[in-house]
Amino acid sequence: MKRLAVPFLVILALVLTACGSSSSPSATSAPAATKAPAATAAAGSAAAQSGSATAPAASAASGSGAPVALTGQPIPIGLAIATTSNVALLGEEEKNGGLLAEKFFNDRGGVNGRPIKVVLQDTGGDEQGAINAYQSLISKDKVVGIVGPTLSQQAFAADPTADKAKVPVIGPSNTAKGIAQIGPFVTRVSAPVAIVAPNAVKQALKLDPNIKKVAVFFAQNDAFSVSETDTFQSTAKDMKLDVTTVQKFQTTDTDFQTQVTNALATKPDLAIVSGLAADGGNLVKQLRELGFKGIIIGGNGLNTANIFPVCKAQCDGILVAQAYSPALKSDINTAFKQVYTDQFKKDPPQFAAQTFTGIQVFVDALKSLDNKSKIANMSIDDLRVALNTEVHAGKYATPLGDISFDQDHDLIQKDFYVAQIKMNPDGVTGTFVFLS
Ligand code: 1QQ
């Protein structure tokens with residue numbers, strides 16, 4: 001297979017290049033939901049890399065009732081994530097993990113000898129962009145399933161579209177409460193914040209057992225941030241900490257002087273920030289600039305090295321709970337880590353690992369489905385429905401550890417960690433150092 005797949009993909013790439021058909025309509029038309037000047041450069045560089053991998057799958061153009069594809073043609077799997085707007089600070093790592101999965105699994109024989117094609121569709125940072133991307137993947141590319149979108153805020157808007165069309169969705173980074181409840185075709189490989197986030201508070205208390213007073217900040221226009229702050233606030237109360245203030249902001253905000261000043265007046269020992277990368281990074285920066293010396297916990301929206309250009313040296317010390325550790329010992333994680341570090345010269349971050357895992361779950365489920373009844377003989381509609389059932393029923397050995405899905409088709413995952421950002425003396429580069 002290895003020998004067959006590579007020339008085939010090369011030919012496919014040449015044909016697509018010659019046809020000039022690699023553009024992504026929703027990429028350009030989706031309005032950006034978030035804008036923050038401090039992150040523009042970083043978001044811009046992420047955007048500049050996008051668009052190269054969108055290739056309409058030649059296989060399934062024959063209408064929804066026809067067999068999904070001719071033998072030997074790649075199986076299209078959608079990847080609907082943000083590669084433009086400030087949300088690309090998070091989506092860029094998902095793109096890396098998702099596209100790497102295509103080659104990784106094709107090098108290992110694809111789906112019982114048939115290659116997959118990961119069809120990347122940019123969602124931009126807002127809800128409508130995600131809906132557009134889904135519609136294009138479902139109707140034009142005829143994907144068997146979708147890994148996406150980047151934000152829970154987008155999932156609540158776009159996943160119902162896939163659910164109605166009976167197209168299975170696996171959320172790579174949708175951690176808010178209620179994602180699996182969107183509908184029977186929606187699941188995720190991103191553990192909910194309710195399970196992941198409390199680990200960061202426990203770690204903060206280990207580092208400083210004298211913490212008593214907590215200032216909490218959250219982005220009120222973002223579903224994940226609202227869900228995460230709920231978890232952080234109840235964890236703090238469960239641990240007998242005093243939440244002295246709850247400060248709200250918007251993911252589009254760049255100036256947090258008012259919130260920070262209000263919070264500092266309550267003399268907190270710990271600050272907890274639930275927002276996205278650009279706003280969250282700027283808020284951390286301003287907390288330090290205005291004199292906050294205590295520990296800062298960043299939520300999942302700050303879980304990327306792409307915040308380094310935003311908060312720079314002031315990112316140092318931020319604690320972030322993790323649903324992935326590059327140090328996990330397993331065959332699949334060792335192999336994944338190897339190919340990732342070969343390509344990107346650093347350990348895989350959580351969002352890359354989760355997106356890789358989303359593609360893997362589809363590949364593994366397609367294989368086991370094909371072993372039971374040949375998928376080449378199925379209509380695309382039947383295949384999507386059967387694949388959804390297969391996804392929810394399976395057990396998977398992934399870079400995130402062993403995972404499966406519960407009776408509500410939500411994720412079951414065992415291992416969680418906490419990392420701390422360590423900035424280098426240059427104030428620009430840094431790493432996530434795993435503490436537990
Ligand atoms: C969500 C998240 C984001 C911070 C992931 C990028 O966890 O929206 O659910």
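Biologist: Of the contacts in the chain with a separation of 6 or more, what percentage is accounted for by residues 24 or more positions apart?

Modeller: Please keep in mind that this is a predicted model, in which local features need pLDDT of at least 70, side-chain atom pairs count only at pLDDT 80 or more, and totals for chains, interfaces and linings use all residues. Residues are numbered from 1 along each chain as its sequence is written. Two residues are in contact if their C-beta atoms, placed from the backbone, lie within 7 Å. Among such contacts with a separation of 6 or more, the part from residues 24 or more positions apart is 74%.

Biologist: What percentage of the residues of the chain counts as buried?

Modeller: A residue is buried if 20 or more other C-beta atoms lie within 10 Å of its own, exposed if 12 or fewer, and partly exposed in between, with the C-beta atoms placed from the backbone. The chain has 15 helices and 15 strands, taken as DSSP runs (helices H or I of at least four residues, strands E of at least two) and numbered from the N terminus. Of its 436 residues, the buried part is 56%.

Biologist: Is G110 buried or exposed?

Modeller: G110 is found in the loop between α4 (88-107) and β2, and its C-alpha atom is separated by 9.3 Å from that of D364, 254 residues apart along the chain. Because G110 has 22 C-beta neighbours inside 10 Å, it counts as buried.

Biologist: In the open sheet of five strands, which are the edge strands?

Modeller: The order of this sheet is β2-β1-β3-β4-β5, with parallel pairing, where two strands pair if DSSP finds at least two bridges between them. Each edge strand pairs on one side only, and they are β2 (116-122) and β5 (186-188).

Biologist: Which residue in β2 stands opposite L79?

Modeller: Strand β1 (residues 75-81) pairs with β2 in the parallel sense, over seven bridges. In that pairing, the residue of β2 that stands opposite L79 is L120.

Biologist: Which helix packs on the sheet, touching β3, β4 and β5?

Modeller: The strands touched are β3 (146-147), β4 (169-171) and β5, and the helix direction makes about 160 degrees with that of β4. Such angles run from 0 to 180 degrees between N-to-C directions, with axes as lines fitted to C-alpha atoms, for helices over the stretch in contact. The helix, residues 152-164, is α6.

Biologist: In the hairpin of β14 and β15, which residue takes a positive phi?

Modeller: Strand β14 (residues 417-423) is mostly covered, with five of its seven residues buried; it pairs in the antiparallel sense with β10 (residues 319-322) over four bridges, and with β15 (residues 430-434) over five bridges. M423 has G430 in β15 as its bridge partner. The hairpin has six residues between the strands, and the residue with a phi near 70 degrees is G427.

Biologist: How many charged residues does the shell around the ligand have?

Modeller: Residues around the ligand include L90, S152, N174, F224 and N300, where near means that the C-beta atom, placed from the backbone, lies within 6 Å. At least three residues come from each of domain 1 (2-190 + 329-405) and domain 2 (195-322 + 417-434), with bounds from an automatic or database domain assignment. Ala, Val, Leu, Ile, Met, Phe, Trp, Tyr, Cys and Pro count as nonpolar, Asp, Glu, Lys and Arg as charged, and the others, Gly among them, as polar. By these classes the shell has four nonpolar and seven polar residues, and the charged ones number no residues.
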